[in-house]
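I opened this notebook to record what I looked up in one model. The entries run from the overall fold to a single residue.

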Amino acid sequence: MIALQFLGMVVIGYLIGAIPTGVIAGKLTRGIDVREHGSGSMGMTNVMRTVGAKAGLIVLVVDVLKGAGVVALAWAVFYSANHGMVHWGQMAGGTAAVIGHSWPVYVGFRGGKGIATAAGAIMVLSWQVGLICFAVFLLMVLAFRYISLGSIVAAIALVVCMVVFFICYSGPAAYVAFSMVVAPVVIFRHRGNMKRLLAGTESKIGQKVKVK
């Protein structure tokens with residue numbers, strides 16, 4: 001029974017996370033596939049640069065809600081059915097949502113970077129850790145004006161915070177496992193950005209991409 005619950009949570013989490021918000025926004029507003037422009041991602045940053053700030057904000061909110069919604073759903077399902085496994089259920093659902101957003105089945109497995117969906121999941125898992133990661137992200141963006149750099153450093157901060165939370169405050173081991181899966185996914189999805197950062201060609205915040 002518990003195995004079926006976990007499998008169901010993974011499938012639901014993946015399918016919700018895979019909803020291609022950015023692709024939908026690009027098609028509805030400009031009739032384009034945002035993945036064919038800019039960084040090739042369907043995330044908020046590329047949508048904002050290729051379509052506009054309003055569309056980018058909508059994509060951000062929906063992508064965050066995907067992660068938060070799946071983790072909240074996992075809590076409801078496992079708390080009532082198997083209270084002792086609720087944290088692992090949240091970990092399974094949240095991780096699946098991030099993977100779904102990164103490799104969405106609906107649009108040929110070409111998705112986003114996972115940072116917004118991960119942020120939504122983290123805020124439900126531990127809002128304290130979520131706020132720390134957001135602060136790290138914001139400081140990096142304000143200091144260097146690279147959203148990608150802020151995302152990468154925030155992903156590293158997530159692992160550090162979850163480990164400290166586990167060691168010092170007896171936090172759930174499942175949350176540490178979540179961070180150790182999700183952070184590498186986010187960093188891997190930013191590999192192109194890292195190459196551009198090293199080459200000095202990465203777009204800074206405020207720069208727009210010309211759309212043909």
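My entries on the model follow.

I note that this is a predicted model, in which local features need pLDDT of at least 70, side-chain atom pairs count only at pLDDT 80 or more, and totals for chains, interfaces and linings use all residues. Residues are numbered from 1 along each chain as its sequence is written, and side-chain values use heavy atoms, with hydrogens and water left out.

**Fold.** I looked up the secondary structure and found 10 helices and 0 strands, where helices (H or I, at least four residues) and strands (E, at least two) are DSSP runs numbered from the N terminus.

**Dimensions.** The C-alpha trace spans about 55 × 35 × 25 Å along its principal axes. The radius of gyration is 17 Å, which agrees with the value near 17 Å for a compact globule of 212 residues; the radius is taken over C-alpha atoms, and the globule rule is 2.2 Å times the number of residues to the power 0.38.

Of the contacts (heavy atoms within 4.5 Å) with a separation of 6 or more, 63% join residues 24 or more positions apart.

**Thr-117.** I located Thr-117 in helix α6, residues 115-125. Thr-117 counts as buried because its relative accessibility is 0%. Leaving aside neighbours within four places in sequence, I list its contacts as Asp-63, Lys-66, Gly-67, Ala-97, Val-98 and His-101.

Terms used
Buried < 20%, exposed > 50% of the residue type's maximum accessible area, 1.4 Å probe, protein only.
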